[in-house]
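Student: Could we go through this structure together, one part at a time?
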Amino acid sequence: MDFAIVDSPEQAAFRQEVSQWLKENVPAGIEHSVDPKDMSYEQYQLRRELGWRLGKKGWLYPSMPRQYGGGDLGADQMVVLYDEISKLGWSLPPYYDAGGRMATPTILVHGSEEHKNRFLPPICRGEVRTWQLLTEPGAGSDLAGIKMTAIRDGDHYVVNGTKVYVGSSHGADYSWTIVVTDPKGPRHKNLSWLMIPMDLPGISVTPLDLLATGGEGGSGSGVKNSVFFDNVRVPAENLVGGENNGWKVATTHLEAEHGGMGRLADRRVIYDFIAYCKERRDGVAIVDDPAARVELVELYIESEITRLFALRNHWLSTSGKPRSYEGSQYSLRRKLSGLEISEKMLRIAGPRVLTTDDKCGMLKGMVEYFVRDAITALHPGATTDIQRVIMARRMGVGRAEKEQAGALR
Ligand SMILES: Cc1cc2nc3c(=O)[nH]c(=O)nc-3n(C[C@H](O)[C@H](O)[C@H](O)COP(=O)(O)OP(=O)(O)OC[C@H]3O[C@@H](n4cnc5c(N)ncnc54)[C@H](O)[C@@H]3O)c2cc1C
C-alpha cells in the first residue's frame with residue numbers, strides 16, 4: 001500500500017523549508033505528548049515558545065493577513081505547513097488557543113480597524129492565549145439563550161454570570177466572550193461580544209473534574225473550567241461588532257468553529273497506526289492478516305474523506321466561493337469518523353493498543369487518547385444533532401427559506 005500524498009515542485013520546496021525551520025526552531029526539551037492533560041506548566045511554556053517563534057515567522061496563524069501578524073499563506077502552502085506540524089503531533093497553534101482561532105476571523109469580519117490593530121497581532125504572534133467563552137449552565141446548543149449580562153456603566157460594561165466547559169489548563173490572557181447587553185431585548189437582538197482581559201478583578205476560574213479531552217490534534221485543552229464573573233468592569237472599547245449585534249457576530253464565530261474554514265487535519269495518528277500495523281513483532285505483522293488489511297484500507301479511506309472535506313472548506317473560504325452547509329457537514333463527518341476510526345483501530349489491533357504500557361501500548365497511549373477524544377469531541381463546537389439541524393436549514397429542508405452560512409471575510 002502506498003499512502004503518499006504528492007506535492008507540486010513548489011510545495012516540495014516549501015516542505016523542505018518548513019521541515020528545516022522546524023528542526024532549527026522546535027525548542028529543546030519539548031515533549032511530543034499526545035494527551036494535553038499530561039502537559040506540565042514547563043511543557044506548556046515550551047509550546048508557547050514554539051508559538052512565539054512560529055508567530056514571528058507568520059506561521060502561527062498562517063492564513064491571516066500579514067499586516068495583522070499572519071503569514072498570508074495560500075491553500076497550497078497551508079496544507080504543507082499543517083502536514084509538517086502534524087508529523088510532530090501538533091496542530092496550529094501548538095497549544096490550546098480556541099478563543100484566538102475563532103476570534104481572529106470574527107474580528108476580521110466584524111471588528112473596527114482599531115479592534116483589528118489592537119487584538120489581532122498579539123494573538124497571531126502568539127503573545128497572548130485566548131479562551132472562547134460561550135456555554136453556560138443553562139445554554140449550550142441554545143446559545144441565544146445565554147444569561148450572562150454586561151450592562152453599560154459609563155466607559156465600562158459590568159459583567160456578571162457563569163460560563164462552563166470552557167478554557168484549558170494553565171490559564172489565558174483574554175476570553176472572547178458572548179454576553180447579554182440588553183436583558184429586556186428580543187431574543188437574538190440582545191447579545192454582544194467582549195474581549196475580556198482575564199486579569200480583571202472579579203474573575204475566578206474553577207477546573208471541572210471531567211474526562212480530559214483535546215479535540216484539536218495535539219493542541220487540545222486538557223481540562224475544562226467554570227469561569228465566574230462577579231461585577232467585572234470591562235472597558236467599553238473591548239466590545240466588538242456593535243452593541244446588541246452579537247448574534248450576527250456569532251454567525252461568523254460559529255461558522256469558523258463548525259469548520260467552515262476547514263481545519264487541515266492531523267493525520268499523524270493515522271500514519272503512525274499504519275506503521276504500527278506493518279511492524280513485525282516476533283516475526284508477525286498485523287497486516288499479514290487479510291481481514292486487518294481490509295479494515296486498514298477502510299480506516300484510511302475514512303480519514304481521507306474527512307481530510308478532503310476539510311481541504312474543500314479551506315479552499316472555499318480562502319477563495320471566497322459561495323458556502324452553505326459545508327462547515328457543519330465537515331464537523332459532522334469529523335465527529336462521526338472519529339468514532340468509526342476508533343472502532344476500526346480496536347478491531348484491527350485489539351484492545352491492547354489502549355494500554356499506556358510501553359511494551360504493548362501504542363506510542364504511549366496515542367490510540368487510547370484518540371479513542372477518548374473521539375467520544376468527547378462529539379459535543380464541543382455543537383453536537384452532531386445540531387450540525388444536522390444546521391445542514392437541514394441551509395439546504396432548505398423543513399424551512400421555506402434557506403439559512404445563509406456566516407460570513408468568513
Ligand atoms: C470537550 C468539550 C469542550 C468544550 N469546549 C468549550 C469551549 O471552549 N467554550 C465553550 O463555550 N463551550 C465549550 N464546550 C461546551 C459545548 O459547546 C456544549 O457542550 C455544546 O454546545 C452542547 O451543549 P450542552 O452540553 O449544554 O448540551 P445541550 O444543549 O443541553 O444538549 C443536550 C442534548 O440535546 C441535543 N439537542 C439540543 N438541542 C437540540 C435541537 N434543537 N435539536 C436536536 N437535538 C438537540 C444535543 O444534541 C445533545 O445531545 C465544550 C464541551 C466539551 C464536551
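This is a predicted model: local features need pLDDT of at least 70, side-chain atom pairs count only at pLDDT 80 or more; totals for chains, interfaces and linings use all residues.

Student: Okay, which residues have the most contacts inside the largest nonpolar core?
Tutor: That core has 46 residues, and the ones with the most contacts inside it are Leu54, Trp59, Leu81, Ile107, Trp176 and Ile178.

Student: Which helices and strands supply at least two residues of it each?
Tutor: Among them are helix 1 (9-25), helix 2 (41-57) and helix 6 (246-258), together with strand 4 (174-180) and strand 5 (191-197). The largest share, five residues, comes from helix 3, which spans 75-87. In terms of domains, this core draws at least three residues from domain 1 (9-124) and at least three from domain 2 (130-244).

Student: What does the second core include?
Tutor: The second core is separate and has 22 residues, including Val269, Ala285, Ile286 and Leu299. As a general point, nonpolar side chains in soluble globular proteins tend to be buried together.

Student: Switching to the ligand, which residues come nearest?
Tutor: There are 19 residues around the ligand, and the nearest of these are Leu134, Thr135, Ser141, Thr383 and Asp385.

Student: How much of the ligand's accessible area does the protein cover?
Tutor: On its own the ligand has 980 Å² of accessible area, and the protein covers 66% of that.

Student: And what gives the most to the shell around it?
Tutor: Helix 11 does, with three residues, and strand 1 (130-133) and strand 3 (156-166) each supply at least two. The shell has eight nonpolar, nine polar and two charged residues, and it draws at least three residues from each of domain 2 (130-244) and domain 3 (259-395).

Student: You mentioned strand 3, so where does His156 lie, and why is it called partly exposed?
Tutor: His156 lies in strand 3. His156 is called partly exposed because its relative accessible area is 26%, and that label applies between the 20% limit for buried and the 50% limit for exposed.

Student: How far apart are the C-alpha atoms of His156 and Thr206?
Tutor: They are separated by 25 Å, and the two residues are 50 residues apart along the chain.

Technical notes. Residues are numbered from 1 along each chain as its sequence is written. Side-chain values use heavy atoms; hydrogens and water are left out. A nonpolar core is a set of buried Ala, Val, Leu, Ile, Met, Phe, Trp, Tyr and Cys residues joined through side-chain atoms within 4.5 Å. Buried means under 20% relative accessible area, exposed over 50%, partly exposed in between (1.4 Å probe, protein chains only). Helices (H or I, at least four residues) and strands (E, at least two) are DSSP runs, numbered from the N terminus. Domain bounds come from an automatic or database domain assignment. A residue is near a molecule or strand if one of its heavy atoms lies within 4 Å of it. Accessible areas come from the Shrake-Rupley method with a 1.4 Å probe; for residues, only the protein chains shown count as cover. Ala, Val, Leu, Ile, Met, Phe, Trp, Tyr, Cys and Pro count as nonpolar, Asp, Glu, Lys and Arg as charged, and the others, Gly among them, as polar.
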